[in-house]
Number of protein chains: 2
Amino acid sequence: MGTLHVDLGERSYPIYIERGLLAQAGSYFEQHQLGKKSPVLIVSDDNVAPLYLDVVVRSLEKQGYTVVTKVVPAGEQSKSLSVFEDVMTAAIEGGLDRKSAVVALGGGVIGDLAGFVAASYMRGVTFVQMPTTILAHDSSVGGKVAVNHPLAKNMIGVFHQPAMVLYDIDTLMTLPPREIKAGLSEMIKHGLIWDKAFADWCEEHSGALLQLKPDVIQYGLTRGCEIKAQIVGSDETEQGLRAILNLGHTLGHAFEATAGYGQLLHGEAIAIGMAAAAKLAGYRGASSTLYEDTVTKLRSFDLPVIIPADMSEESILAAMMHDKKFKENKLVFILPTEIGKVEIVSDVTVEQVRQVISELKEV
Amino acid sequence: MGTLHVDLGERSYPIYIERGLLAQAGSYFEQHQLGKKSPVLIVSDDNVAPLYLDVVVRSLEKQGYTVVTKVVPAGEQSKSLSVFEDVMTAAIEGGLDRKSAVVALGGGVIGDLAGFVAASYMRGVTFVQMPTTILAHDSSVGGKVAVNHPLAKNMIGVFHQPAMVLYDIDTLMTLPPREIKAGLSEMIKHGLIWDKAFADWCEEHSGALLQLKPDVIQYGLTRGCEIKAQIVGSDETEQGLRAILNLGHTLGHAFEATAGYGQLLHGEAIAIGMAAAAKLAGYRGASSTLYEDTVTKLRSFDLPVIIPADMSEESILAAMMHDKKFKENKLVFILPTEIGKVEIVSDVTVEQVRQVISELKEV
């Protein structure tokens, strides 16, 4: 426990999940033979940097690395081409060369932004992830990096695998409770799509997970990353299987968009989306206990499982209609068949979607 | 002759070099099983589009493809993140999806720009090159795509191989004579670094090449692409051997920068750079005829081999000093050992560079 290998042939990499990793960053860099002649760029945001940037910089400098830093505003708005260009400017002015590394110190936004910089600076340099959120256990596996286009999220990006991930679980201790809960939603998802035993374990340990009990959160993150790594390893560039990671996301994205991005946290939206997927599965013949069991697991984390009262059926459908595939009646849904197993289906009807929205609506 | 395969494992692709290809674009798309359900985006510039965009669009539409187009201003200034974002907007508004193709119809700038869009739109879609310049015989092989950062050229990019290259040599007929000459400079370079017989052939056929005699230019482009493909195939991401493609470029870039970009065409600057490299080789013991032979070949195309009078030694050295490696006395030079063979050296001294500049200076 504590180290996990993501197996992607010559792009394989380790994920270290432990306490106190940030203060040892320099040793890990050395151990992975990252060159000391080329400057390292650490990208972080103005929430995370005041807490953890110094410790990482000191650790790298102590081992003889030259470090430059770039702190961007916290939040989704930093995933823009304009902030991307600012980070590129910092990389050039800092003298980064082809043997340099770019480090993402932060949550999903920083990982995506810094990852796209690493992927495209001088046609690609080494990328190191240092996630500081629970949600990032999901985004730090898989190599998806991107920025947003004003017209659509994550539209501009590539696949670029990190050389290593240093997941210091001490950083989670400063997260607000609501973010912890929402982050755990993706962990539960990994159980629901792949591993009943892990889904049950999550439910049994929900209290300890919410309290971030170190041993428990370490195991949960390790197993969550491991499941994602297995799926990604067999489908690196999302040709098929990888789609199952989107359990709860089809409707979840519509809930997020309808609520206004940021109103409903991503993890909360997909929790409702997973409840909806279980109900949709029921319409198609899945066991009647599947929905109950799914909802019980989500509720054990106090995650939402019904659609907020102020969100109208029409506005949710309107958000989905932006998806060309939905208009053509070809929207892909990931539906559970039992706890720990899902299937990819493309024949859910608009009527079934209406029905599930109406049944899950808060009244 | 006419078709060339670039061997890069699962990223292998064909280059078709023939007359009249643009009017058959639709058939080639079909033959390569590019899907018809997803829109195709053609990117071109306002010099090329009036001449060739219609014929490509008609050919694709005739075969049942949906086509959207984006025409950007001709010239290096279109290789910016802001034009890149405009092309992305066109892609999104045109409804491109993951199975779409992005086509570059134009010279090197369009290839680099559209290629980076193809590489990063929804994390990568199919890329098709339709080069319309001689210089593009060089840039269409190798998969390097990029845009410029205000502080440095080609700084933001990735490697993204095309699915195919349709090189219609009829499009060359509308090129200005100076561009033809400058484009042939890279063709000669491919002979000088790799194949004495081809270098000799180029010299013997310089007249026919400058006149764009179809059979001759077709052979020259095919052999030039083939040499580059062999080098790239053994070093796709520029770890070592690929550096030999930079013969004449170390000094060439300094000449370009000193003259002001666009004053000296790229091919002209590297012609002087190749003459300088041969002279530098002489200082280090290469045969005394090497420089004479190199200059004779370049002069047969009426390419410049001496440094313009208005360019001072100090300004050239200043341009080179921007290169960190030069300051550390570690600038890498590609130097010929004989016609058709080069070596990579890193111990050329600043004094030798001063001497070659002074010897090649127009007085």
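Across the interface of chain A and chain B in this predicted model, how many salt bridges does the rule find? The count is 0. Side chains of opposite charge can pair when their charged atoms come close. Polar contacts tell another part of the story: between chain A and chain B there are 9 residue pairs in polar contact, with both residues at pLDDT 80 or more.

Now look at who takes part. Chain A brings 31 residues to the contact, and chain B brings 31 residues. The size of an interface is often given as the accessible area lost when the parts come together. Here the area buried between chain A and chain B is about 2,600 Å², and carbon and sulfur atoms give 62% of it. In chain A, the residues that lose the most area to chain B are Ile92(A), Arg123(A) and Met155(A), which together make up 27% of what that side buries.

Four elements of chain A each supply at least two residues of the side that touches chain B: helix H3 (81-93), helix H4 (108-120), strand S7 (144-149) and strand S8 (152-159). The largest share comes from H3(A), with 7 residues. Sorted by class, the side of chain A that touches chain B looks like this:

| Class | Residues on the side of chain A |
|---|---|
| Nonpolar | 16 residues |
| Polar | 7 residues |

Let us turn to the fold of chain A. Its 7 strands form an open sheet with mixed pairing, in the order S1-S2-S9-S6-S5-S3-S4. Strand S1 (3-6) and strand S4 (67-72) of chain A are the edge strands, so named because each pairs on one side only. From one strand to the next, the twist averages 15°.

You can follow one pairing in detail. Strand S5 (residues 101-106) and strand S6 (residues 126-131) of chain A pair in the parallel sense over 6 bridges. What is the bridge partner of Ala101(A) in S6(A)? That partner is Thr126(A).

Helix H2 (residues 49-62) of chain A lies across strand S3 (40-45), S4, S5 and S6 of chain A, and runs at about 170° to S3(A). H4(A) touches S3, S4, S5 and S6 of chain A, with its direction at about 175° to that of S5(A).

Finally, back to salt bridges: the structure holds 35 of them over all chains. One of these joins the side chains of Lys297(A) and Asp200(A), at 2.6 Å from N to O. This pair links distant parts of the chain, 97 residues apart: Lys297(A) sits in helix H12 (residues 288-299) of chain A and Asp200(A) in helix H7 (residues 196-204) of chain A.

Terms used. Residues numbered from 1 in each chain as written. Chains lettered and ligands numbered in written order. Predicted model: local features only at pLDDT ≥ 70, side-chain atom pairs only at ≥ 80, totals over all residues. Heavy atoms only, no water. Contact = heavy atoms within 4.5 Å. Buried area = accessible area lost by both parts, 1.4 Å probe. Salt bridge = Lys/Arg side-chain N within 4 Å of Asp/Glu carboxyl O. Polar contact = N/O pair within 3.5 Å; in protein donor to acceptor, adjacent residues only side chain to side chain. Nonpolar A, V, L, I, M, F, W, Y, C, P; charged D, E, K, R; others polar. Pairing = 2+ DSSP bridges. Axes fitted to C-alpha atoms, helices over the stretch in contact; angles between N-to-C directions.
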